[in-house]
Amino acid sequence: MEHYPWLVFLHVLSVLIFTLGHGASAAVLLRLRAETDPVRLGALLDLSRWSLNIAGLGLLGVLITGIAAGVIGSWLGTGWFWASLALFLVVGGLMTPLGRGYLDQVRQGLGVATGNRKKDAVAAPVLAPGKLAVVLRSSRPLVISAVGVSGLAVLLWLMMFKPF
Ligand code: HEM
């Protein structure tokens, strides 16, 4: 139990690393709507994809230190601990079809590599320029942001107030 505060320290540090890393994807997501130059769009999408490495590292740290703190801090019998773990996995899981799915649609529209794999690169845009503009102007970024930010807010509430 004497190491417990250090575990919480590492847990919060991991959350900070995750949010620092994932901030790049959040900023790109909201900035895409105002961008029309394919070269600048490609650079933004590359930055988001690359930053997922840092966000992923933070995410792994959050999960490992969170579960360890739950075991060592004897929180396994509480509802808030399991609700947090479930919410974390649900929001993380939703990000593939929502966040990655949306940015991959734009990547395909530009004819650049999707996801993390350069080998997925396609030679030519698969969406007509008009269709790409429709994807860029869609409300999807707002939905993705709402899901992600609400998830973070509810997680913070569960951690701080331990309501059940
Ligand atoms: C609890 C909060 C969050 C978690 C656990 C989370 C987790 C993830 C994960 C695991 C991925 C990678 C999905 C994949 O590669 O298949 C991802 C991607 C993404 N997330 Fe989040 N996320 C969160 C919050 C947010 C927020 C608040 C935003 C925006 C405001 C956001 C925007 C995105 C975007 C745009 C991508 C796609 C990045 C790309 O393909 O380059 N996320 N997220």
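Predicted model: local features only at pLDDT ≥ 70, side-chain atom pairs only at ≥ 80, totals over all residues.

Modeller: Residues are numbered from 1 along each chain as its sequence is written, and side-chain values use heavy atoms, with hydrogens and water left out.

Colleague: How many helices and strands does the chain have?

Modeller: Helices (H or I, at least four residues) and strands (E, at least two) are DSSP runs, numbered from the N terminus. From that end the elements run α-α-α-α-α. The count is therefore five helices and zero strands.

Colleague: What share of the residues of the chain counts as buried?

Modeller: Buried means under 20% relative accessible area, exposed over 50%, and partly exposed in between, with a 1.4 Å probe and protein chains only. The C-alpha trace spans about 60 × 25 × 20 Å along its principal axes. Of the 164 residues of the chain, the buried share is 35%.

Colleague: Are helix 1 and helix 2 roughly parallel or roughly antiparallel?

Modeller: Axes are lines fitted to C-alpha atoms, for helices over the stretch in contact, and angles run from 0 to 180 degrees between N-to-C directions. The axes of helix 1 and helix 2 come within 7 Å and cross at roughly 160°. Angles under 35 degrees count as roughly parallel, over 145 as roughly antiparallel, 65 to 115 as roughly perpendicular and the rest as oblique. Helix 1 and helix 2 are therefore roughly antiparallel.

Colleague: Is the crossing of helix 3 and helix 5 left-handed or right-handed?

Modeller: Helix 3 (residues 79-110) and helix 5 (residues 140-161) have axes that come within 10 Å and cross at roughly 165°. A crossing is left-handed if the near helix is turned anticlockwise from the far one by less than a right angle, and right-handed if clockwise. The way helix 3 passes helix 5 is left-handed.

Colleague: How many nonpolar residues has the contact of helix 2 with helix 3?

Modeller: Helix 2 and helix 3 pack at an angle of about 165°, with their axes 12 Å apart. Ala, Val, Leu, Ile, Met, Phe, Trp, Tyr, Cys and Pro count as nonpolar, Asp, Glu, Lys and Arg as charged, and the others, Gly among them, as polar. Besides four polar and three charged residues, the nonpolar ones number 15.

Colleague: Which geometry has the site of the iron atom of the ligand?

Modeller: H22 (NE2) and M95 (SD) coordinate the iron atom at 2.0 to 2.6 Å, where donors are N, O and S atoms within 2.8 Å of the metal (3.2 Å for Na, K and Ca) and water is not among the atoms, so sites may look incomplete. H22 in helix 1 (residues 4-31) and M95 in helix 3 are 73 residues apart. Six donors count as octahedral if opposite donors are over 155 degrees apart and all others between 65 and 115. With angles of 80 to 179° among its six donor atoms, the site is octahedral.

Colleague: Is S74 buried or exposed?

Modeller: S74 lies in the loop between helix 2 (38-72) and helix 3. Phi of S74 is near 55°, a positive value in a residue other than glycine. Because its relative accessibility is 60%, S74 counts as exposed.

Definitions and conventions
Tetrahedral: all angles 85-135°; square planar, octahedral: opposite > 155°, others 65-115°.
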